[in-house]
Amino acid sequence: MPNLNIEDPRGQALKAMALSLPIKTWNDNEDFINRLKECVKSHSLGGNKMIGALLSGQFTLEQVKKIHLEYRHAIVQIFTDALLMAQFQTRQLEPRLAPGDKMAPRALLTLNILDEFGFTPGVAINGYYKGHHQYSHYVLYEQLLNELGVSAFDRTSHAPSAIAKEVRDFLESSFSDYSSILALLAVAEEQVILFSPPLRKSVAIHKHDVSNGYYRVHGTTTDSDTDGADDDHENDLWTALTQSCTNEQQEKLLSMCQGYCDLWDKFWNHQYENNLVAEEQLKAELA
């Protein structure tokens, strides 16, 4: 067995992916991905009015519950589905890259999946992995809904808005194509980075503890009040896409990322209009 560096799995996977392509191909792909990232980061989603509204506590507790149910349908329920599909679809690299080159991005995606599934870095006292499925992000989100007072009936009877369904369907429609899943997951991580702090604040304003649970594990590596690594996960997805994308896919990927950002922008605009604006209109009618 070769003597390999096992102390830095993320770094080693990133390095291996860069070495899997000719230098010029990697550099050309990287130039495209940088343009794609800039398109996403400059999108109007980053200035959506819901960010300020959530941060300033403009929503009642009932509205916060409703927003979280919408968010649950749009992304939380299917996020790990998408990650697992991306991991599976690394198989699409095999016909054009060297045997085994799918394993570096597969290992990289595993680090994201382990985080999502409730594992934590370190070795347990029995010498095995540390973690618990009850710490998985999806379960933590359901626990958050419990703490907000959202019942099981509320969840099963919630009729998601048309735009929540569109956002969900758009990601699910990418599941057959590896590069497409990576691109949309990277956009989803950017959306998470933008909206997790405002959503956290909207919950905290109603006297709910956000120092642990779902909002503890969502944020960036520079946050002092979270254990999140969403920025690392996003960067890893962009790097995996650098390895996987081809010239023929570029226009499609650019259009998909733009379209997914548009849908998320529309989703958050709908939450604003359907809660704050609708409430103001009702008050005016009753006055």
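Where does Ser-211 lie, and between which two helices? Ser-211 lies in the loop between α10 (178-204) and α11 (230-244). The points below start with the model as a whole and then return to this residue.

1. **Ground rules.** This is a predicted model, in which local features need pLDDT of at least 70, side-chain atom pairs count only at pLDDT 80 or more, and totals for chains, interfaces and linings use all residues. Residues are numbered from 1 along each chain as its sequence is written, and side-chain values use heavy atoms, with hydrogens and water left out.

2. **Overall fold.** The protein chain has 12 helices and 2 strands. Here helices (H or I, at least four residues) and strands (E, at least two) are DSSP runs, numbered from the N terminus. The order from the N terminus is α-α-α-α-α-α-β-β-α-α-α-α-α-α. The radius of gyration is 20 Å, close to the 19 Å that the globule rule gives for 287 residues, so the chain is as compact as a globular protein of that length. That radius is taken over C-alpha atoms, and the rule is 2.2 Å times the number of residues to the power 0.38. Along its principal axes the C-alpha trace spans about 75 × 50 × 35 Å.

3. **Burial and contacts.** Buried residues make up 47% of the 287 residues. Buried means under 20% relative accessible area, exposed over 50%, and partly exposed in between (1.4 Å probe, protein chains only). Take contacts between residues at least 6 apart in sequence: 77% of them join residues at least 24 apart. A contact means heavy atoms within 4.5 Å.

4. **Helix α5.** This helix covers residues 79-89. Its buried residues include Phe-79, Leu-83 and Gln-87. Among the elements covering the buried residues of α5 are α6 (103-116), α9 (162-172) and α10.

5. **Ser-211.** This residue is partly exposed, with a relative accessible area of 35%. A polar contact of 2.6 Å joins the side chains of Ser-211 and Asp-209. Such a contact is a pair of N or O atoms within 3.5 Å; within protein, one must be able to donate a hydrogen and the other to accept it, and residues adjacent in sequence count only if both atoms are side-chain atoms. Ser-211 and Arg-200 are 11 residues apart in sequence and 9.4 Å apart in space, C-alpha to C-alpha.

6. **Thr-242.** Is Thr-242 buried or exposed? Thr-242 is buried, with a relative accessible area of 4%. Its place is in helix α11. The side chain of Thr-242 reaches the backbone oxygen of Trp-238 at 2.9 Å. Leaving aside residues up to four places away in sequence, Thr-242 touches Leu-21, Trp-26, Asn-29, Glu-30 and Ile-33.
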